[in-house]
Amino acid sequence: NTEAEPHDDERFLRVLDGSIETVRALGVPYLMIGEIASSVFGRDRGTADIDLFVRPEHAPRILEALGDGGFRTSVEFEHWLYKATMDEVDVDVIFRASRDILIDDDMLARGRSMVFRGRELPMAPPEDMIVMKAVAAGEDTARYWYDALGILARAELDWDYLLARARQHGARRMLSLLLF
């Protein structure tokens, strides 16, 4: 659904609220990534889905709880992505991003509570978003490159943390982004 038209706000926000309520009821840590975080920190290109970044050990429980809440669920890729759908809005439960980026204590501690369409949500740090977008960008996902540039241009950044994350997950890709 990455190329889909953005959903009408009412339906999208209803599904967002339901998915967030479900995850919060479980008491597991999570961060928003993807288009929602990109729009908060950088540029809004229209949000078509909801991306929850979680620890691998919590993903099965989250998927089960979403299923119990009326979502259609599936295991898309056993090693990184589960999916829940309600009212034609996808909720991606992601537990491994490109180049084996996992949610960790540093990322959770640096997560920022930000407002997205009137809802206060925990966003992945902009530095981690830049790295995730830069390393995931490819010919078919050039929009990720521009998402990373949008975040670089607009977000307050901890450059030491960005450098550390880039070294850990894709220093050459990050250097390419900065030179671009």
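**A walk through the predicted model**

With a relative accessibility of 15%, H58 counts as buried, where buried means under 20% relative accessible area, exposed over 50% and partly exposed in between (1.4 Å probe, protein chains only). H58 sits in the loop between β2 and α3 (59–68). Helices (H or I, at least four residues) and strands (E, at least two) are DSSP runs, numbered from the N terminus. Apart from its neighbours within four places in sequence, H58 is in contact with V28 and P29, contact meaning heavy atoms within 4.5 Å.

This is a predicted model, in which local features need pLDDT of at least 70 and side-chain atom pairs count only at pLDDT 80 or more, while totals for chains, interfaces and linings use all residues. Residues are numbered from 1 along each chain as its sequence is written, and side-chain values use heavy atoms, with hydrogens and water left out. The predictor's confidence in each residue is the pLDDT, from 0 to 100. Its mean over the protein chain is 93, and 96% of the residues reach 70 or more. Over residues 1–5, pLDDT stays under 50, and the model has nine contacts beyond four places in sequence for them.

Helix α2 can be taken next. Seven of its eight residues are buried, so α2 is largely enclosed by the rest of the structure. The buried ones are G34, E35, I36, A37, S38, S39 and F41. E35, with a relative accessible area of 8%, is one of the buried residues. From E35 to D68 the distance is 26 Å, C-alpha to C-alpha, and the two are 33 residues apart in sequence.

L16 belongs to the largest nonpolar core, which has 57 residues. Such a core is a set of buried Ala, Val, Leu, Ile, Met, Phe, Trp, Tyr and Cys residues joined through side-chain atoms within 4.5 Å. The residues with the most contacts inside it are L16, M32, I50, L52, F53, I130 and M132.

The model also has open space. The largest pocket holds about 650 Å³. A pocket is an open set of points on a 1 Å grid over the protein atoms alone, where a 1.4 Å probe fits, with protein on both sides within 12 Å along at least five of seven lines; lining residues have an atom within 4 Å of a point. The largest pocket is lined by 27 residues, and W80, I94, S98, A136 and Y144 lie nearest its centre. Elements giving two or more residues to this lining include α2 (34–41), β2 (49–54) and α6 (142–154). The most comes from α5, with four residues.

R143 is found in helix α6 and is buried, at 16% relative accessible area. The C-alpha atoms of R143 and K133 are separated by 8.8 Å, the two being 10 residues apart along the chain.

Two loop residues have a backbone angle to note. D87, in the loop between β4 and β5, has a positive phi of about 50° although it is not a glycine. R99, in the loop between β5 and α4 (105–110), has a phi near 60°, again positive in a residue other than glycine. D87 counts as partly exposed at 34% relative accessibility, and R99 counts as partly exposed at 49%.

Technical notes:
Grid points are joined across faces, edges and corners, and a volume is the space filled by probe spheres set on the points.
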